[in-house]
Amino acid sequence: MEPTRQGRATLVDLLDRVLDKGLILNADVIISLAGVPLIAVNLRAAIASVETMLEYGYMTDFIQSQSQPKEKA
């Protein structure tokens, strides 16, 4: 299967695709001055709709805990 180019894509199309398929970001950033590393940032993020997250088995505990009725003290 070869990728095809379809006319023009809008931001809404891109957002719809990201939420439907999901997006994983994994980045390591090191800021250094004169060769001396000062700050290191390790970023790992997942962006997707709740439905997609549940399909892949992410955040099931969080979503179930949010849907449970809160017990009154």
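How many buried residues are there among the 11 residues of helix 1? In helix 1, residues 11–21, the count is 1, and the helix is hardly covered; buried here means under 20% relative accessible area, exposed means over 50%, and partly exposed lies in between, with a 1.4 Å probe and protein chains only. The model shown is predicted, with local features needing pLDDT of at least 70 and side-chain atom pairs counting only at pLDDT 80 or more, whereas totals for chains, interfaces and linings use all residues. Residues are numbered from 1 along each chain as its sequence is written, and side-chain values use heavy atoms, with hydrogens and water left out.

**View 1. The protein chain and its order of elements.** The protein chain has 3 helices and 2 strands, which follow one another from the N terminus as α-β-β-α-α; helices (H or I, at least four residues) and strands (E, at least two) are DSSP runs numbered from the N terminus. The C-alpha trace spans about 55 × 50 × 25 Å along its principal axes. The radius of gyration of the protein chain is 19 Å, while a compact globule of 73 residues would have one near 11 Å; the radius is taken over C-alpha atoms, and the globule rule is 2.2 Å times the number of residues to the power 0.38. Of the 73 residues, 4% count as buried.

**View 2. The largest pocket.** About 370 Å³ of space lies in the largest pocket, and among the 13 residues that line this pocket, Gln6, Ala9, Asp13, Leu14 and Arg17 are the closest to its centre. On a 1 Å grid over the protein atoms alone, a pocket is an open set of points where a 1.4 Å probe fits, with protein on both sides within 12 Å along at least five of seven lines, and lining residues have an atom within 4 Å of a point. Grid points are joined across faces, edges and corners, and the volume is the space filled by probe spheres set on the points. By class, the lining has 4 nonpolar, 4 polar and 5 charged residues.

View 3. Helix 1 is followed by Gly22, which has a positive phi near 90 degrees. Ala34, in the loop between strand 1 (23–33) and strand 2 (36–47), also has a positive phi, of about 55 degrees, although Ala34 is not a glycine. Ala34 is exposed, with a relative accessible area of 81%.

**View 4. Ile47 and its contacts.** Ile47 is placed in strand 2 and counts as partly exposed, at 38% relative accessibility. Leaving aside neighbours within four places in sequence, Ile47 is in contact with Val18, Gly22, Leu23 and Leu25, where contact means heavy atoms within 4.5 Å. Ile47 and Leu25 are 22 residues apart along the chain, and their C-alpha atoms are separated by 8.2 Å.

View 5. Glu2 is exposed, with a relative accessible area of 69%, and Arg5 counts as exposed at 80% relative accessibility. From C-alpha to C-alpha, Glu2 and Ile39 are 41 Å apart in space and 37 residues apart in sequence, while the C-alpha atoms of Arg5 and Ile31, 26 residues apart along the chain, are separated by 37 Å.

Definitions and conventions. Ala, Val, Leu, Ile, Met, Phe, Trp, Tyr, Cys and Pro count as nonpolar, Asp, Glu, Lys and Arg as charged, and the others, Gly among them, as polar.
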